[in-house]
Amino acid sequence: MKQDMILILDLGSDENARLAREIRALGVYSEIHPHDISASELAALPNVRGIILNGGINREIDGIAIDASEAVYASGLPLYLADHKQGAPWPEDAQARKAGLYEFVFETCGAQPNWNTQNYISDQVDLIRQQVGDTGKVLLALSGGVDSSVVAALLAEAIGDRLTCVHVNHGLMRKGESEQVINVFGEQLGVDLIYVNAVDRFLDKLAGVTDPEEKRMIIGKEFIRVFEEEARKLTGIEYLGQGTIYPDIIESGTKTVKAVKSHHNVGGLPEDLDFKLVEPVKMLFKDEVRAVGSALGLPDSMVHRQPFPGPGLGVRCLGAITRDRLEAVRESDAILHEELAAAGLDLKIWQFFTVVPDFRSTGVKDGKRSFDWPVVLRAVNTIDAMTAEVPELPWSVLQRLTERITNEVPGVNRVLYDLTPKPSSTIEWE
Ligand code: XMP
């Protein structure tokens, strides 16, 4: 790392991530570490120019306020104590907050604004080369999502043909997604890509399974099994690439905050597949991962992809998955994406998709009675996916969607728009 760093020590604030993002937005790199960082851990961090002791609501543990370690006070680095109770919190007003941060970061600490995408890429390319050496080989499960795609592009840049990617098509991908992975990585970037068509295998395992959690479990387990089979066929691979990002690490819990949820990206790989991990975007927030992807030449449609659940369309084809309804989900989802893009709304809505329930209703088609599936349109805006609101879509867009979906998607005679925020509903239907 060539860049200057402002260190944030977690003294029980629930706003560490926000602060790190604000400092990075000033062009200065920032990392969050536990309050009791040791002298040797501190010394191992490159180019630290100042430290923020970020206190907050979780500062007291069993009635006693935690404090930073002796090493921090002895470091001689500029310190800033932010604590609600001691009268020096960051102002809430955005301008005042930015001015306060600016003063500390640039004037007090003398940090240089040298954190940017190009520097990050060149640092990571160097670090990957150092980690895997001149002959090391890396394996990567490439789903086509933003994080694994950006990791693939970084690894391709760093080690070229010593990267092998495995793309498992479980039949629950969105329309054109596997084709795009093959096209971008296999053809344009010339990555060694193993494409596994596991569609029948997944759909056979899922036949007749109605419980959403059981569906999730089957998809997750089968995915690991397929990936493991491919990994065993290859020899001489020591490293596994992973698309872990900074929120995964932060959300897995700090010393003062209980874990929100633990993240296991390729959790469950057998122990005898003994890989060392390469995680080149693990210090980045999502928007920074996207910026790195764009700078590496990945297409916008890949870099700005919406969050997509691991079980894919499997949890949007409600109840027992059947091939006809799965196609109806995939086709209607593609139409929704096309129409919201045409209306200039696709980048303004956080996540949107379609759902096909497992019941039918009566309709009329070409003068005859039909008994077909409905399609539910779902669109939400949210900051953190914990709560979500439903945007007001223009009536003309909803009408056009209804017309196209009922005309173009076989087996569908009705379209609904889900108006329910989270809570009371969740974003997904299963
Ligand atoms: P819910 O439905 O819980 O969704 O409001 C919140 C966000 O998480 C995504 N989601 C999942 N992601 N595996 C995932 O990787 C899952 O099983 C899963 N279920 C929901 C969902 O798309 C939304 O963005």
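Modeller: First a definition: contact means heavy atoms within 4.5 Å. Axes are lines fitted to C-alpha atoms, for helices over the stretch in contact, and angles run from 0 to 180 degrees between N-to-C directions. Helices (H or I, at least four residues) and strands (E, at least two) are DSSP runs, numbered from the N terminus. The model is predicted: local features need pLDDT of at least 70, side-chain atom pairs pLDDT 80 or more, while totals for chains, interfaces and linings use all residues. Residues are numbered from 1 along each chain as its sequence is written, and side-chain values use heavy atoms, without hydrogens and water.

Biologist: At what angle to strand 7 does helix 6 run?

Modeller: Helix 6 lies across strand 7, strand 8 (163-169), strand 10 and strand 11. Its angle to strand 7 is about 160°.

Biologist: Which residue in strand 10 is the bridge partner of leucine 139?

Modeller: Strands pair if DSSP finds at least two bridges between them. Strand 7 (residues 138-141) and strand 10 (residues 239-241) pair in the parallel sense over three bridges. The partner of leucine 139 is leucine 240.

Biologist: How do helix 5 and helix 6 lie to each other, roughly parallel or roughly perpendicular?

Modeller: The axes of helix 5 (residues 117-132) and helix 6 (residues 146-159) come within 9 Å and cross at roughly 65°. Angles under 35 degrees count as roughly parallel, over 145 as roughly antiparallel, 65 to 115 as roughly perpendicular and the rest as oblique. Helix 5 and helix 6 are therefore roughly perpendicular.

Biologist: Which residues does phenylalanine 223 contact, leaving aside neighbours within four places in sequence?

Modeller: Phenylalanine 223 lies in helix 9 (residues 212-233). With those neighbours set aside, its contacts are Val168 and Phe202.
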